[in-house]
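Dear colleague,

I am handing over the structure we spoke about, and I would be grateful if you could look through it before reading my notes below.

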Amino acid sequence: MNSFNAEIAKALAATGAFDEEAALKLISVPPDTSHGNYTIPCFSLAKTLRKAPKLIAEDLAAKVQLPAGLSKVEAVNGYLNFFIDRGFLAKSTLDEIAAKGLEYGHAAPNGKVVCIDYSSPNIGKELAFHHLRSTMIGNSLARIYKAAGYKVERINHLGDWGTAFGKLIVMYLREKLPTDDATLNALTVKELNILYASFSKASKEEPGLEDEARAAFTKLEQGDEFYRKLWTAFRAATLKELMRIYDMMGVSFDHYTGESFFEDKIPAVLDELREKNLLVNSQERDVVMLDEFDLNPCLIRKSDGSTLYATRDLAAAIYRKKEYNFDKCLYVVDLGQALHFKQVFHVLKKMGREWYKDMYHIPFGVILQMVDGKWEKGKTRTGTASLLRDVIEAAQKKILEFINEKNPGLENKELIARQIGISALTFNDLKNSRLKDVRFDWDAVMSFEGDTGPYVQNAHVRLCSIMRKAGYTVPVADVDYAQLTDDAAYSLINILAKKGEKILAAVKDDEPSVLAQYALEIAEAAHKFIHEDRVLGSAEEKSRLFLVQSTQIVLENVLDLLGLFPIRQM
């Protein structure tokens with residue numbers, strides 16, 4: 001259900017005192033509900049009407065025709081305060097939830113396309129804990145945009161090309177590891193991690209190894225058959241593990257178009273840059289000058305002829321516009337890559353691609369942990385390394401301890417513990433503005449109290465538990481909405497009514513925290529309602545149970561939009 005802002009603005013415009021558009025901008029929600037649900041100041045009219053704001057408000061209160069759903073208007077010290085008809089709000093909101101179910105608050109398809117590039121790890125390495133941010137922010141944005149009516153193209157732009165593969169190839173051959181098909185097919189990403197570590201250690205003692213790696217990648221890029229065979233095996237081994245982790249986390253993609261996918265599309269980009277006289281040779285490297293934008297030159301090709309991230313991102317952007325004709329293209333990548341994207345977007349501008357304005361870098365902060373009494377960027381201590389799988393396993397273990405204490409007979413408790421653990425990690429990431437650094441503390445993240453994932457999920461579990469105990473669902477015809485006008489019920493219903501506007505607000509700012517905070521609002525209001533208004537066995541059982549089942553539907557979908565698992569029991 002939409003807010004009453006527009007209806008109030010129209011009613012005020014009908015009095016002749018306010019311009020509708022101006023009134024809409026002035027309407028706000030008072031922090032204290034005793035002052036109404038919506039308020040508008042009349043001070044801006046004092047000069048025109050030559051009256052004190054207090055008198056203007058009193059005159060308008062007597063004159064304005066209240067829109068349907070509002071019960072009264074009061075004039076208080078120059079403000080007009082409007083009050084919602086609680087019974088009207090309950091009926092209109094809950095009836096709509098019953099009719100639309102999980103898609104309540106979702107927008108109709110708008111014919112627009114958004115590409116969202118997220119997660120995008122490097123091949124040859126396991127997912128590290130810091131990959132959680134891009135993966136889950138992007139996953140949530142993809143779900144939210146779909147709910148807002150967009151056609152979403154979920155893209156995992158894998159880092160499967162570049163000098164890193166030269167390093168792997170050099171180390172693989174240096175270690176004289178077998179290159180037969182059976183061995184390559186059995187490769188694991190753990191083994192590749194060891195090769196990376198070995199190269200890093202060896203290159204410190206032998207600086208020439210870095211040159212060997214660059215030469216190996218150039219050979220790979222030029223199509224060496226044997227090197228391509230090794231690269232294919234490295235990529236397959238990594239993808240197998242990535243798919244396992246993504247499936248565990250409930251994350252999916254429509255396209256796994258990594259950097260290598262654009263290899264045959266780069267020549268056309270280089271040709272276009274030359275034709276438009278944009279490519280400049282500087283210190284034996286090809287660059288595009290961006291002086292007019294106060295940016296450093298964008299490096300397009302190195303002296304050995306190999307390409308870079310920017311080259312491949314240009315090819316990817318042009319491909320995505322042609323293939324998907326996007327209205328928006330989002331890159332969910334950490335704040336440290338801001339300069340890179342500014343350069344890429346401005347090169348596209350110089351190429352005459354006006355749609356560069358539809359491309360957005362969606363940056364985010366870093367994960368911090370407490371070290372010697374200070375919050376610092378670093379590895380999350382799980383007893384092993386900062387690999388995402390280790391963090392997930394540690395989270396699962398902590399939640400399983402809680403379940404074994406509270407409900408040891410729970411079926412599928414290992415799976416439920418893992419889902420609660422992953423959801424706790426995700427919620428801790430999403431609950432604050434994405435630009436803020438995330439403080440990671442095991443006790444705080446896994447707590448069932450406060451602004452945490454387990455707290456929100458526990459609210460959903462309580463609602464599901466009441467429905468199970470009742471053993472039935474309530475049809476709309478059996479509801480007496482007059483029984484849902486007390487403070488606890490009204491507060492909860494008023495929050496449920498805002499789902500649609502919360503989704504649109506999250507899209508407007510590309511900010512999942514809007515829905516994370518909304519989930520906390522629902523959870524807190526639901527806990528309060530259950531505590532203050534007895535449901536089962538009360539004279540108002542059917543009406544209150546109807547509110548319980550409506551809240552469960554809304555909260556389940558909000559959790560899903562955030563990428564959390566809506567657990568039904570724990």
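This is a predicted model: local features need pLDDT of at least 70, side-chain atom pairs count only at pLDDT 80 or more; totals for chains, interfaces and linings use all residues.

Residues are numbered from 1 along each chain as its sequence is written, and side-chain values use heavy atoms, with hydrogens and water left out.

Helices (H or I, at least four residues) and strands (E, at least two) are DSSP runs, numbered from the N terminus. In strand β4 (residues 113-117), five of the five residues are buried, so the strand is largely enclosed by the rest of the structure; buried here means under 20% relative accessible area, with exposed over 50% and partly exposed in between (1.4 Å probe, protein chains only). V113, C115 and D117 point one way from β4, whereas V114 and I116 point the other way.

Two strands are said to pair if DSSP finds at least two bridges between them. β4 runs parallel to strand β5 (residues 151-155) and is joined to it by five bridges, with C115 opposite E153. Strand β9 (residues 328-332) also pairs with β4 in the parallel sense, over four bridges, and there L330 is the bridge partner of I116.

Turning to the helices, α6 (residues 131-147) and α20 (residues 499-508) pack with their axes 9 Å apart and at an angle of about 125 degrees, where axes are lines fitted to C-alpha atoms, for helices over the stretch in contact, and angles run from 0 to 180 degrees between N-to-C directions. The two helices α6 and α20 are therefore oblique to each other, given that angles under 35 degrees count as roughly parallel, over 145 as roughly antiparallel, 65 to 115 as roughly perpendicular and the rest as oblique. I144, Y145 and A147 in α6 meet I503, A506 and V507 in α20, contact being heavy atoms within 4.5 Å.

Finally, there is an open sheet of three strands in the order β6-β7-β8, paired in the antiparallel sense. Its edges are β6 (279-282) and β8 (298-301), each of which has a single partner strand, so one side of each is left without a neighbour in the sheet. Three bridges join β7 (residues 285-288) to β8, and V287 stands opposite L299 in β8. Helix α12 (residues 266-275) packs on this sheet and touches β6, β7 and β8, its direction making about 120 degrees with that of β8.

With best regards
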